Structures are given as structure tokens and as C-alpha cells.
Amino acid sequence: MTALPRPLGLLAGASLRDGRTVDVVLDGDTVAEVLPAGTAPRPADPDSVLDLEGFLLLPAPAEPHAHLDKALSWDLIRPPMGDLGLAIESWRAYSAEMTVDSIADRARTTALAMLANGTTAIRTHVDLLHGEAPLRGVEALVRVRDELAGILDLELVALAGPTVPDAVVEAALDAGIDLVGGAPHLADDPIADLHRLLAIAERYGVGVDMHTDESLSGAITLDALAIALRDRPAGRVATAGHCVRLGTLEAAELGRIIDDVVAADIGIVTLPITNLYLQGWEHPTSTPRGLTAVRALLDAGVRLGAGADNVRDPFNPVGRGDALETAMLLVTAGHLTLDEAYDAVSIGARSVMGLPDAGVVPGARAELVAVRGASLSDVIATAPADRAVIHAGMLVAQSETVRRIAVPAPRSLVETR
């Protein structure tokens, strides 16, 4: 088998969501042509051809909201199960003892598992830690970003809690962090903390990605964020993640805030698996769904992405880091259509991250995943492990499974009475 990464020139015989079977011609990192199956000329180099008969070819997922510094720590911490407050307490106690190497190891393992599942771009928040050496997570994730460059796009957000000094946030940006983030709704004065973080981002000329209104009750900061960012410089990314409070609002207030979001062109990220786990513990009956108002946001034309958020840490003890898991939850818990759900984890996620368009369209970036299956409903329902992952026109991951099942004895040989 040819070593990876492997440049590709032709994806042969792939199935598409609309039922067509096609050949896809690649030109470097770009989709050049999409032709009826069997009509594209074969490249001279056979290793540049990937046979995708029996596979559904889709835009590759992007993960718009990860916490790679926390990932895979559940078994190490063994925290109590519970709500956001318990998760934060458990994480803070454990994080005081973490080393740069241990953070990097867990982050790298999780990022590569996500890549194998089809995700070719990840935006991860990185805690600015309490106590000594608050930039341990930053150092670890910058290292992992450098190691994985060329096979995976990794973007870093400084997650600055309300007690993190400005100087620490600025030091993280100087060390290579891309965006300013935080959780203003957890501050004693949420609006003041929001404007503090926005001011730092403005001084550095970078975008923002805020944890926003992450509970079923309490502060609402999304409208203030939208108003503050309405006149930001062109091209500067603005993202709000979670936005759980939107899902609790009456129609009039919800519509007003969504109008502000549209006017500011803020991308919203919904995070079903973590918010379904963290929210609602205080409601033992008629437990509400801990999701933002996904239908209202889509209907209003808001750019909506969806992500896995936490993977096996105090904020979510489960999760596979698989966009098909997120899409499934958007269908079952968010009542999105199959196409809307998959778009949220792929083209929608790329949009809120400010990445170029990708997909099986001439001129789009060749960020693609092929999953063995007959249709979108098939692959979202069963999440087959057989996948081929293409980043910038190169095959960067390929998984194949072997299944053996006992064959029932012929009926004629089964004793009957």
C-alpha cells in the first residue's frame, strides 16, 4: 500500500447525495471537474487514482469547536457526572497538575482520530490555566499544530475565563494563538467581561470565538456580542458557540436577537452531544433539550455550524469525535433534515470558521470524505468505519474494516418437531 499522504488526481466511480455516480478530477488542492462515472481519462500514475465504487463522497467535515487540551481526560480524572459547574470544578482541580507533554499527547491522539473519521479542519479552544505556567495548554497545542501541518488544518482559540488577566491572554496571542475566546456569561459582570475580551481582540487585529450563554437560564450576552461586532473590519471572524439560552426564549425575544446576529453576520455553533449531557440536570421531569434554536437560526439565514465539542472529559464522558455522530444528534434532538444536519458539520462548519468552500463542485477545495454506503441516511444512521479522507487533494487517512458473521445452518438441516 502506498504511504500517506498520497496526492490524488482522480476519484473514480463515487456516489453523490443526489444519486449520481461520478468521476471527480482533482487539480492539486482543487476540484477541477465532476464527470459521469467512467468518462474521466485515467491519469498515467495509477497511485493517483482512488476507486470509490460503493462509497458516498461528501464534503469533509470540519470541527468548529473542540477542546483538544481536555480530550480523553475522563478516565484520568474520574469526575462526578453532572452539570457545567461540576465539570468546571473537576477540570480545574486536575489541570493544575498537567504537563505540556501530557496535554500534547491527548490532543494529538484525538486530532488524528478525528482526521481518520473524516474531519480535515479543527478549531480548538485552549484553556489559559490557573496557577503557575498558565500557557502550558497553549505550548502543547502550538506544538501539535506544527506537527500535523500538511495533513490537518488546526486553528487555536484562547479560552480566557473571567479571572484570566489581560496579560496572559496577550501572551497566548504572542505565542501563536489565532483567536480570542472566553465565556463571559460565567463572569460576575458578563457584559464587562465580553467587552474586555473584544478589546484585546481589537488591539491584536484578530477574530473572536466566544462560549456564549451556555445554560438554560441566566445571562444573555449574544445580543451584546452581535451589536459590538456589527461594524467589525471585513474578513474578521466572529463566532458564538453553544447559545443554549436561545432555545429557551419566546418567539419575540428570540427573533430580536437573531435579527442582531444576522446583521452582524456572526456564525453560530451548536454542540449537541455536550449540551445534551450538561444541561437539564436540574429538571428531573420534562427535561429540556440543551440545544440552541437551530431551526429558527437556519430559517433566518444564520450561518450555522455544528461540532462535537468535548470528547471523553469532565464536560462529556462519551463521544467518538465523529461528525456523523453530531449529524445524527442534530436529526434526532434538533429535528433537522439529514441534509441540513450534514451541512452543519461540513459546509456550515467551514463557513463559521472562515474557511474556503469545499465539496464535490468544480472550483471548490478538495476537502472530501468518502464513506462506504448507499445514501446520506445510510451513512448517518450506521456511521460505517470504511472511509477515505482527502485533505488539499491528498489522501491522508484510509480505514477498512473486516466483519465475520456466522452463517445460519440451512433450514433443511435444522431439527424440527
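Just after helix 3, G118 takes up a positive phi of about 120 degrees. This is a predicted model, in which local features need pLDDT of at least 70, side-chain atom pairs count only at pLDDT 80 or more, and totals for chains, interfaces and linings use all residues. Residues are numbered from 1 along each chain as its sequence is written, and side-chain values use heavy atoms, leaving out hydrogens and water.

Helices here are DSSP runs (H or I, at least four residues) and strands likewise (E, at least two), numbered from the N terminus. Helix 3 has 18 residues and spans 26 Å from its first C-alpha to its last, close to the 26 Å expected at 1.5 Å a residue (1.5 Å times one less than the number of residues). Its buried residues (under 20% relative accessible area, with a 1.4 Å probe and protein chains only) include V100, I103, R106 and M114.

Now to the packing with helix 4. The pair sits at about 45 degrees, with axes 8 Å apart; axes are lines fitted to C-alpha atoms over the stretch in contact, and angles run from 0 to 180 degrees between N-to-C directions.

| Helix | Residue range | Contact residues |
|---|---|---|
| Helix 3 | residues 100-117 | V100, D101, I103, A104, A107, R108, A111, L112 |
| Helix 4 | residues 136-148 | R136, G137, E139, A140, L141, R143, V144, E147, L148 |

Elsewhere, G235 lies in the loop between helix 7 (222-229) and strand 12 (238-242). G235 is exposed (over 50%), at 80% relative accessible area.

Notes:
Contact = heavy atoms within 4.5 Å.
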